[in-house]
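I set out to go through this two-chain model and to write down what I looked up, one topic at a time.

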Amino acid sequence: MKTRKGLTRGKSILYCSLQQFGIWLAAVSAVCLIAYSFISVKVESMNTYTREITYTWNLFSEDGSFDETESFDGILWDSLHDIIRYNVAKSQLEVNGAFDGEKVIDIRTFVNRRDTAAEDFDLYMESRNEDILTIQYHLKDLIRWNKYGVNYTSVTMPETAFVCYYGAHYYNRADGYLSEEEIYVLESLLGEDTIQQLLDTANGIEYYYIKGGAETTEYDQNPAAEAAVGEIVVENNERWRMHEALADILLDSAAVESVYLDQNGDLQVVVRMLEERYRPIDKPGGIQDCVYSWYAYDTACMWLEQAVEDISYNYNEYLGFQSRYGAENTNIAYHCEMSMMGETVRVSNSDLDSWNGLDSYYREHYGRYLIYRPEDMVFETNMGTAFANEETLFKAFSKYEYAYPETAHIWLGIDTSYPVEDILFKADAAYAAFHPYAYLVAALGGAGLLLWLGLLLFLSVKTGWRAQKGEDQESAVLKLSWFDEIPTELAAAIGAGTAFLLICAWISLFHYARRQKCLICAHRVRVAVLAGCFVLLCSLIFCLFWYSLLRRCKAHTLWKNSLLRVLWQKGIRRPVRAFGRLLFQFYDNSGVFFRSLFILGGIMGINLILGFFCAVGWGKWLLLIVLITGITDAAILSFWIYHHLKRKRIIEAIKRIREGDLNCQVAAESMHGENRQLAEAVNSIGAGIKTAVETSMKDERLKADLITNVSHDIKTPLTSIINYVDLLKREKIEQEPARSYIEVLENKSWRLKQLTDDLLEASKISSGNITLHPENINLAELLKQALGEFSEKFEEKNLTIVEDFSEKEVYIEADSRRMWRVVENLFNNICKYALTGTRVYLDVESSGQEVWLSMKNISAQALNIPAQELTERFIRGDLSRNTEGSGLGLSIAKNLVELQKGRFEIYLDGDLFKVTMTFPVVTLPAEENGCL
Amino acid sequence: MANILVCDDDREIVEAIEIYLRNEGYTIYKAYNGEDALSILQKEEIHLVIMDVMMPRLDGIHATVRIREYSSVPIIILSAKSEDTDKILGLNIGADDYITKPFNPLELVARVKSNLRRYTKLGSMPQESSSVYRIGGLCINDDTKEVTVDEETVRLTPIEYSILLLLVKNAGRVFSIDQIYENIWNEEAIGADNTVAVHIRHIREKIEINPKEPRYVKVVWGVGYKVDRQ
């Protein structure tokens with residue numbers, strides 16, 4: 001048996017550490033590959049909110065340097081956008097090329113710079129015969145106000161004061177007059193009570209209120225009020241006008257916060273008005289002084305809010321751009337010129353004053369450049385594919401409709417030696433630092449992973465087997481650690497808990513990492529090493545549980561050491577077994593039909609019934625039905641498996657009986673049904689065969705003894721016969737027939753002696769009753785010796801020996817005297833039966849593993865017997881027993897060869913008689929060849 | 001001449017042996033069981049005993065053991081048992097020779113003669129010179145190139161003589177055909193045929209009583225030839 005080899009404690013720790021190192025290496029490589037394939041920058045777009053922009057690149061690309069990658073183009077593309085925006089912002093915030101807080105901003109123009117809303121509003125003002133509204137502020141004020149937003153104060157005024165705030169204009173609407181009978185009140189402003197109160201106070205007038213807002217046109221008519229319309233209209237003229245105007249304003253204005261009735265039943269309006277400080281430069285009295293309706297006031301407020309927000313945003317962006325695209329902060333040099341809102345704005349971070357000859361300057365000074373002047377049809381670049389299309393470039397400028405893209409001039413250049421530590425510098429550094437080693441690191445990572453996997457496999461096989469020094473050889477014992485002694489379920493629970501925690505940690509780490517790309521960029525190696533360590537920790541914990549599971553399996557303690565087993569043994573086992581016995585009793589005592597019904601009928605019946613219930617719509621019982629079906633099926637399945645396991649045991653027993661283990665018995669008592677009958681049958685067959693074999697062996701022994709005794713008994717009288725025939729021969733009998741009779745007697749008596757000897761030997765050999773003395777003999781030597789012995793006999797029959805001992809020294813392990821007997825018998829056969837004057841071929845061939853010895857001769861007589869029978873004449877009884885010899889020679893030779901682990905084959909082809917013997921070759925140490 | 005005791009329960013065999021041996025001039029005493037044989041041995045001067053194994057009252061094995069207690073007379077066992085184990089048993093308990101039934105009468109006579117000669121003459125042989133090699137009844141005088149078996153001269157050809165001398169000089173050692181060839185012909189045995197084997201068969205036929213069961217030149221099948229150290 002192969003001895004199992006274990007690991008020493010030191011070795012297993014070493015392998016385990018190696019394995020963890022492998023996974024660490026793999027993780028570090030993987031994280032490095034990820035971390036070195038992107039760069040992230042933080043962009044502060046607002047005071048409070050920063051966002052990260054990430055550019056990734058393919059580390060395995062063919063690109064030699066960073067400025068060939070798509071990421072480079074991406075960064076530049078974004079920068080180009082930024083520069084355009086910078087230009088735009090600059091046009092808004094600067095006066096004569098410098099930021100000026102005193103710059104006067106007309107918020108009407110500013111807010112409506114993108115669309116034509118301002119003109120619409122102008123039309124509205126015109127329709128009311130009013131001046132075009134301009135509201136101007138200082139730039140710094142607008143920026144300042146953004147800090148706390150635009151603030152309002154709530155002013156409460158009575159209905160009349162509210163409506164009359166802007167004088168006599170209240171009843172007017174842009175689209176005409178209201179009809180006199182109607183009052184519109186926004187439902188959202190009024191509670192149910194207020195509406196009722198309104199209806200009460202405006203008694204007799206047809207009131208309408210609009211449900212759900214200005215757009216809804218569903219009117220609720222009050223039919224009772226219809227008759228009295230005329231009088232009340234006149235009487236309450238002032239009042240309805242007031243209501244009408246209020247409704248009118250309420251419909252249009254956002255300034256009204258709420259409407260309520262005070263204690264006196266008077267309608268009060270709460271209005272939202274700008275605080276004192278928002279006085280425009282050109283309107284020292286405040287906005288309310290320069291507008292003439294609540295609608296216009298609202299619009300102005302809205303403009304102010306919008307302007308404050310936009311200007312601040314642009315200001316922040318402007319500041320950001322100023323720092324990011326200042327010459328000291330970026331490697332990108334640019335000149336950008338655009339016409340906006342009627343003026344030409346130029347931005348540049350270059351110290352070059354002149355705007356002439358920029359084309360050649362950029363071409364010469366920068367590794368990568370872009371020159372774009374749509375007006376002059378100039379478009380020139382040596383950057384990547386992202387900049388190949390002029391169309392996209394044009395679109396980039398067209399985003400700002402108030403700017404004129406065709407007037408844009410832009411020169412963009414990148415100093416590819418990156419003198420400034422900006423994003424390009426960092427990206428290039430990361431790329432250059434890692435790109436050449438990407439494949440190496442990937443290979444290292446792969447190798448680490450392979451190492452981990454390989455050692456996992458290896459240790460999975462070896463774990464638990466601890467090498468132990470025996471007296472003469474190393475052996476292995478299964479050794480469990482304290483951890484393996486923890487009950488299985490407990491260990492599994494700990495394992496699952498740990499796994500859960502680790503997965504949670506993974507997820508949160510992953511999410512954290514996604515948000516902290518800048519941080520990762522700054523500490524790539526540290527992050528990689530830390531991630532590697534974390535993976536190592538995970539792997540360590542995994543290995544702990546995995547190997548423990550394997551050790552438990554190997555030591556068969558998985559079940560033995562489990563809490564379920566305790567539960568099973570202490571409580572459940574007994575009743576389950578009792579129930580099982582009851583079922584088996586029923587099963588054993590029923591016929592084949594009922595047995596089948598018991599199994600198949602059980603499944604089908606229950607499934608059918610439950611399926612029926614399902615079909616008729618016991619939907620809510622579905623779970624229960626599935627459960628019952630499942631349990632029944634599982635029970636029957638387990639019975640089926642049990643049945644087949646027992647059946648397998650019977651088959652194994654049959655196999656063992658077939659292989660000769662006649663003492664094999666099946667435990668029939670533990671089986672049921674057909675299995676028991678089968679087992680009992682197998683047992684009785686086994687016993688029967690055993691008896692038969694014993695009888696036959698006894699017979700064989702008796703036969704051998706009989707032959708031995710008989711041949712001894714024959715020999716004594718034979719001795720006398722031979723002796724007296726010999727004496728007769730010496731009597732000098734002259735009569736001719738008598739002399740020949742004596743000759744016959746002598747021959748036959750010697751033949752009888754030979755027969756007796758052969759018979760005795762054949763019987764001994766075929767019953768295996770001989771002792772062999774195996775030694776290493778040289779087949780070629782044996783044949784030469786035999787040829788020497790037979791040389792004269794062969795010459796007598798004029799037989800030529802053709803020998804081909806291709807292997808001069810082929811050693812086989814055999815009893816030398818028995819081998820001589822084999823060769824002697826075969827040579828005798830040749831002498832007796834070979835055709836006179838023919839050749840006899842002797843060949844010895846060796847394959848290194850086996851040696852073939854073959855003898856071929858031409859038979860003198862036609863061979864009309866099957867080859868097989870030639871060696872079985874003694875047993876089969878041959879009809880033609882007239883030849884000399886006993887006819888046992890071949891049989892003895894065959895049996896002797898087979899006893900010595902050889903093969904003996906006879907081949908007949910016409911008159912060709914060929915004997916082939918095959919033996920396993922023995923390789924000898926060189927010095928044993930000569931003498932013994 | 002010598003007195004020979006023939007002991008066999010088969011009277012015909014005893015009488016046949018008597019005829020053969022008397023023709024050679026020996027005096028024969030007959031016994032039909034072991035006890036008779038023992039009593040004759042005590043009464044008469046016997047020079048050789050031929051003893052059957054399976055006999056009534058006292059079998060040949062026990063009789064031989066008893067004889068060996070007081071006598072060193074040559075004993076030839078004559079038995080129908082032809083197994084190796086039987087032969088070994090017989091020779092071990094003190095028999096000098098073992099002949100299986102049915103036997104060749106000539107061989108029996110030759111063996112009787114051989115045993116007698118050794119019993120009567122060889123014991124008193126004076127020490128010979130170093131050029132005389134003696135193995136049992138085989139004697140080679142290298143000075144006179146004379147070979148005798150049981151005092152009878154055997155005629156060998158020069159090659160046969162050389163081979164026999166080689167084997168006798170190195171008694172106990174097994175020589176393969178090639179080794180013999182190289183020693184005698186003094187040339188390398190490339191493709192040495194069965195010449196050596198044929199010569200050795202001839203030697204055996206000349207010096208052995210029964211060449212198939214040689215006493216001196218023994219064949220170790222598949223290994224070579226040897227002469228046993230006596």
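**Entry 1: the chains**

I note at the outset that this is a predicted model, and I read every value below as computed from it. I looked up chain A to begin with and found 29 helices and 23 strands in it. Of the 932 residues in chain A, 27% are buried.

**Entry 2: the five-stranded sheet of chain B**

I traced an open sheet of five strands in chain B, in the order β2-β1-β3-β4-β5, and noted that the pairing is parallel. Which strands are at the edges? They are β2 (27-31) and β5 (97-100) of chain B, each of which pairs on one side only. From one strand to the next I recorded a twist that averages 20 degrees.

I looked in more detail at strand β4 (residues 75-79) of chain B, which is joined to β5(B) by four bridges, the two strands running parallel. At this pairing I found B:S79 standing opposite B:T100, a residue of β5(B).

I also checked what lies over the sheet, and found that α1(B) lies across β1 (3-7), β2 and β3 (48-52) of chain B, with a direction at about 170 degrees to β2(B).

**Entry 3: a helix pair in chain B**

I next examined helix α2 (residues 34-43) and helix α3 (residues 60-68) of chain B, which pack at an angle of about 20 degrees with their axes 9 Å apart. Angles under 35 degrees count as roughly parallel, so α2(B) is roughly parallel to α3(B). The crossing in which α2(B) passes α3(B) is right-handed.

For the residues that meet, I wrote down B:G34, B:A37, B:L38 and B:L41 from α2(B), and B:G60, B:H62, B:A63, B:R66 and B:I67 from α3(B). Sorted by class, this contact has five nonpolar, three polar and one charged residues.

**Entry 4: a hairpin in chain B**

I followed β10(B) and β11(B), which pair in the antiparallel sense over four bridges, and noted that they form a hairpin with three residues between them. In the turn, B:G222 has a positive phi of about 80 degrees. Across the pair, B:K218 stands opposite B:K226 of β11(B). I then asked which way the residues of strand β11 (residues 224-227) of chain B point: B:G224 and B:K226 point one way and B:Y225 and B:V227 the other way, and all are buried.

**Entry 5: a helix pair in chain A**

In chain A I looked up helix α2 (residues 70-93) and helix α11 (residues 294-324), whose axes come within 9 Å and cross at roughly 125 degrees. The two helices, α2(A) and α11(A), are therefore oblique to each other, and their crossing is left-handed.

On the side of α2(A) I listed A:D82, A:R85, A:Y86, A:A89, A:K90, A:Q92 and A:L93, which meet A:N314, A:Y315, A:E317, A:Y318 and A:F321 in α11(A). The classes in this contact are six nonpolar, two polar and four charged residues.

**Entry 6: one loop residue in chain A**

I picked out A:S590, which lies in the loop between α20 (563-588) and α21 (592-615) of chain A. Is A:S590 buried or partly exposed? With 14 other C-beta atoms within 10 Å, A:S590 is partly exposed.

**Entry 7: where the chains touch**

Finally I looked up the contact between the chains, which takes 31 residues from chain A and 29 residues from chain B. On the side of chain B that touches chain A, α1 (11-23), α7 (177-185), α8 (195-207) and β10 (217-220) of chain B each supply at least two residues. The element that gives the most to this side is α8(B), with five residues. By class, I recorded this side of chain B as 17 nonpolar, six polar and six charged residues.

Terms used: Residues are numbered from 1 along each chain as its sequence is written. Chains are lettered from A and ligands numbered from 1 in the order in which they are written. This is a predicted model: local features need pLDDT of at least 70, side-chain atom pairs count only at pLDDT 80 or more; totals for chains, interfaces and linings use all residues. Two residues are in contact if their C-beta atoms, placed from the backbone, lie within 7 Å. Ala, Val, Leu, Ile, Met, Phe, Trp, Tyr, Cys and Pro count as nonpolar, Asp, Glu, Lys and Arg as charged, and the others, Gly among them, as polar. Two strands pair if DSSP finds at least two bridges between them. Axes are lines fitted to C-alpha atoms, for helices over the stretch in contact, and angles run from 0 to 180 degrees between N-to-C directions. A residue is buried if 20 or more other C-beta atoms lie within 10 Å of its own, exposed if 12 or fewer, and partly exposed in between; C-beta atoms are placed from the backbone. Angles under 35 degrees count as roughly parallel, over 145 as roughly antiparallel, 65 to 115 as roughly perpendicular and the rest as oblique. A crossing is left-handed if the near helix is turned anticlockwise from the far one by less than a right angle, and right-handed if clockwise.
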